[in-house]
Amino acid sequence: MSVISMARYSKKFSQLYDEVMYLPDTIFLKIRRKRLLKGLAGKILEVGVGTGTNFQHYSNNSEVVGIEPSPYMFAKAENRKNRLPFPNRFTLHNIGCGDSEMKDLIQPESLDAVVCTLVLCTIPEPEKALSSFMKWLKPGGRLVVLEHIRAHRLAGMKIQNLFNPVWEKLAEGCQLNRATDILLAESGFELVRENRFWLGMPFYEAELKKAGKDT
Ligand SMILES: C[S@@+](CC[C@H](N)C(=O)[O-])C[C@H]1O[C@@H](n2cnc3c(N)ncnc32)[C@H](O)[C@@H]1O
């Protein structure tokens, strides 16, 4: 794909994202997003905010820094933020979590929580991202995730492996077969709670904690 057609596709993806996600979000994911986010307070980093689907769920006690590398998704998120009753609680940046600008944006041990929903499947080098989250969180800080994951059964894995080359092109780098639950289990975070569910593919919802007393 040429750079121009990639940019065109990226724009189309951002335009269609909310429509494609409307039903799964409304029926299955909204309640989980709300459950994960409503209790968070303090300084929160949301990684890959997309169109800003999560914004409505943050509590009044939160100050959210959102990052999003796609300029098209970013523009939609900015729009959504400006329609919120309290837009000042959000600061958005058009960058990705591996970008050098993150160093100035987030200081070590400065965050109360990191939020990743449907994003650890797409981030290149997720292990590196998890170790950055560990560095940026205060002791006791929370990492909350909502992700599709690799199937546990061999047949499911084979199907995911088969479809992944097409899927990653259609879904802007998303890896259908990424074992994010295993990456999290090996990341050094302590598990607070987890929940596995099926939504056409296996999904994982979890709250994890950096060692230390609660923030
Ligand atoms: C499937 S969308 C999920 C959007 C949103 N988090 C949600 O729950 O609806 C994945 C998002 O991750 C973003 N993304 C990709 N690479 C990233 C990176 N390195 N850092 C942060 N976000 C990234 C994409 O641009 C896209 O908006």
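Guide: One term comes up soon: the bend at a residue is the angle between axes fitted to the seven residues ending there and the seven starting there. This is a predicted model, in which local features need pLDDT of at least 70 and side-chain atom pairs count only at pLDDT 80 or more, while totals for chains, interfaces and linings use all residues. Residues are numbered from 1 along each chain as its sequence is written.

Visitor: At which residue of helix 5 does a kink lie?
Guide: Helices (H or I, at least four residues) and strands (E, at least two) are DSSP runs, numbered from the N terminus. The kink in helix 5 is about 55° and comes shortly before proline 165. Its place is asparagine 164.

Visitor: How many Å does helix 5 reach from its first C-alpha to its last?
Guide: The expected span of a helix is 1.5 Å times one less than its number of residues. Helix 5 has 17 residues, and its reach is close to the expected 24 Å. The value is 24 Å.

Visitor: Which residue just after helix 5 takes a positive phi?
Guide: Most residues other than glycine have a negative phi. Just after helix 5, a phi of about 50° is found. The residue is glutamate 172.

Visitor: How many helices and strands does the chain have?
Guide: From the N terminus on, the order of elements is α-β-β-α-β-α-β-α-β-α-α-β-β. The secondary structure comes to six helices and seven strands.

Visitor: Why is the chain said to be as compact as a globular protein of that length?
Guide: The radius of gyration is taken over C-alpha atoms, and the globule rule is 2.2 Å times the number of residues to the power 0.38. For 215 residues the rule gives 17 Å, and the chain is close to that value, so it is as compact as a globular protein of that length. The C-alpha atoms fill a box of roughly 45 × 35 × 35 Å along the principal axes. The radius of gyration of the chain is 17 Å.

Visitor: What does helix 1 span between its end C-alpha atoms?
Guide: Helix 1 covers residues 3–37, and a straight helix of 35 residues would span 51 Å at 1.5 Å a residue. Helix 1 bends by about 70° at aspartate 25. Its span is only 36 Å.

Visitor: Which residues of helix 1 are buried?
Guide: A residue is buried if 20 or more other C-beta atoms lie within 10 Å of its own, exposed if 12 or fewer, and partly exposed in between, with C-beta atoms placed from the backbone. What covers the buried residues of helix 1 includes helix 2 (71–82), strand 4 (111–117), strand 5 (137–148) and strand 7 (202–209). The buried residues are Ser14, Arg33, Leu36 and Leu37.

Visitor: With which residues is serine 10 in contact, leaving aside its neighbours within four places in sequence?
Guide: Two residues are in contact if their C-beta atoms, placed from the backbone, lie within 7 Å. Serine 10 is in helix 1 and is partly exposed, with 15 other C-beta atoms within 10 Å. Its C-alpha atom is separated by 9.6 Å from that of leucine 170, 160 residues apart along the chain. The contacts of serine 10 are Ser70, Tyr72 and Glu172.

Visitor: Is isoleucine 149 buried or exposed?
Guide: Isoleucine 149 is in the loop between strand 5 and helix 5. Leaving aside neighbours within four places in sequence, its contacts are Ala179, Thr180, Asp181, Pro202, Phe203 and Tyr204. Because 23 other C-beta atoms lie within 10 Å, isoleucine 149 is buried.

Visitor: Is glutamate 125 buried or exposed?
Guide: Glutamate 125 is in the loop between strand 4 and helix 4 (126–136). Although it is not a glycine, it has a positive phi of about 55°. With 11 other C-beta atoms within 10 Å, glutamate 125 is exposed.

Visitor: Which residues are closest to the ligand?
Guide: A residue counts as near a molecule if its C-beta atom, placed from the backbone, lies within 6 Å of it. The shell around the ligand divides into nine nonpolar, eight polar and one charged; Ala, Val, Leu, Ile, Met, Phe, Trp, Tyr, Cys and Pro count as nonpolar, Asp, Glu, Lys and Arg as charged, and the others, Gly among them, as polar. Of the 18 residues that surround the ligand, the closest are Gly48, Gly50, Ser70, Gly96 and Thr117.
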